[in-house]
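Please read this briefing alongside the sequence and the model. The points are grouped by topic.

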Amino acid sequence: LRIAVLVSGTGSLLQALLDAEADHTLNATVVVVGADNDAAQGLGRAEQAGVPTFVHPFVKGGDRAAWDAEFTRQVAAHDVDLVVLAGFMKLVGPAFLGRFGGRTINTHPALLPSFPGMHGPRDALAHGVKITGTTVFEVDAGVDTGRILAQEAVPVLPDDSVESLHERIKVAERALLVRTVNELAHQGDS
Ligand code: GRF
């Protein structure tokens, strides 16, 4: 399975995939890493692992359709079977979904459909839930609305801050993402 990974930030989810690949516990190859900003630390992680990268920034107030088309073209140039959004903070557009819909997955730091959007850990904490978690889902045109592929529960502890809770969720999120990619690769084999 040839996968593209899209990042915006720290890239620890990407690192989990790269580590699993290096350990031969990932049934897939990361063939390209794309980012929407050149400060994304995930780019350095990819370079370290010898994976080609591209950056295609969205300029504020710019042409969304043109950005979408060019981003899609850059991913498509690498002949990928699966796209993984790994902390990618932009919504992919219609051109992207036209090409990669049904084979693009994302992870979310909450148990969807609870707490969608940018602040899953903060919202879970504010709501006072005792259990939250992480979800891997298929990307559609909505915000965190796609078909759920896998979930794992994570406890909220009494003295949690948003940061400590998010960190605990991310540990589960990394493992769940690796597992889900392997399951998808396995389905592709049969
Ligand atoms: C993850 O929790 C992801 O679900 C959220 O941001 C985090 C990304 O972390 N949207 P990283 O950039 O992979 O370290």
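Helices (H or I, at least four residues) and strands (E, at least two) are DSSP runs, numbered from the N terminus. Residues are numbered from 1 along each chain as its sequence is written. This is a predicted model, in which local features need pLDDT of at least 70 and side-chain atom pairs count only at pLDDT 80 or more, while totals for chains, interfaces and linings use all residues. For the complex, the predictor gives an ipTM of 0.94 and a pTM of 0.95.

**Positions annotated in UniProt**

- In an unreviewed entry, UniProt lists His108 for "active site"; UniProt positions are given in the numbering used here, feature names are shortened, and annotations may be inferred rather than shown by experiment.
- His108 lies in strand 5 and counts as buried because it has 25 C-beta neighbours inside 10 Å (a residue is buried if 20 or more other C-beta atoms lie within 10 Å of its own, exposed if 12 or fewer, and partly exposed in between, with C-beta atoms placed from the backbone).
- Not counting residues up to four places away in sequence, His108 touches Gly120, Thr134, Thr135, Phe137 and Asp144, contact being defined as C-beta atoms, placed from the backbone, that lie within 7 Å.
- The feature "binding site" is placed by UniProt (unreviewed entry) at Arg64, Met89, Lys90, Leu91, Val92 and Asn106.
- Arg64, in helix 3 (residues 64–76), is partly exposed, with 13 other C-beta atoms within 10 Å.
- Lys90, in the loop between strand 4 (82–85) and helix 4 (94–100), is partly exposed, with 17 other C-beta atoms within 10 Å, and, leaving aside its neighbours within four places in sequence, is in contact with Ser8, Asp36 and Phe58.

- The buried residues of helix 5 (residues 120–127) are Gly120, Pro121 and Ala124. They cover an arc of only 95° around the axis, which puts them on the same side of helix 5, the arc being that of the directions from the helix axis to the C-beta atoms.
- These buried residues of helix 5 pack against strand 5, strand 6 (131–138) and helix 6.

**Backbone features**

- Most residues other than glycine have a negative phi, and most peptide bonds are trans.
- A cis peptide bond, with omega about 10°, joins Leu112 and Pro113, and Pro113 is found in the loop between strand 5 and helix 5.
- Asp144, in the loop between strand 6 and strand 7 (148–155), has a positive phi near 60° and is partly exposed, with 19 other C-beta atoms within 10 Å.

Definitions and conventions:
Two residues are in contact if their C-beta atoms, placed from the backbone, lie within 7 Å.
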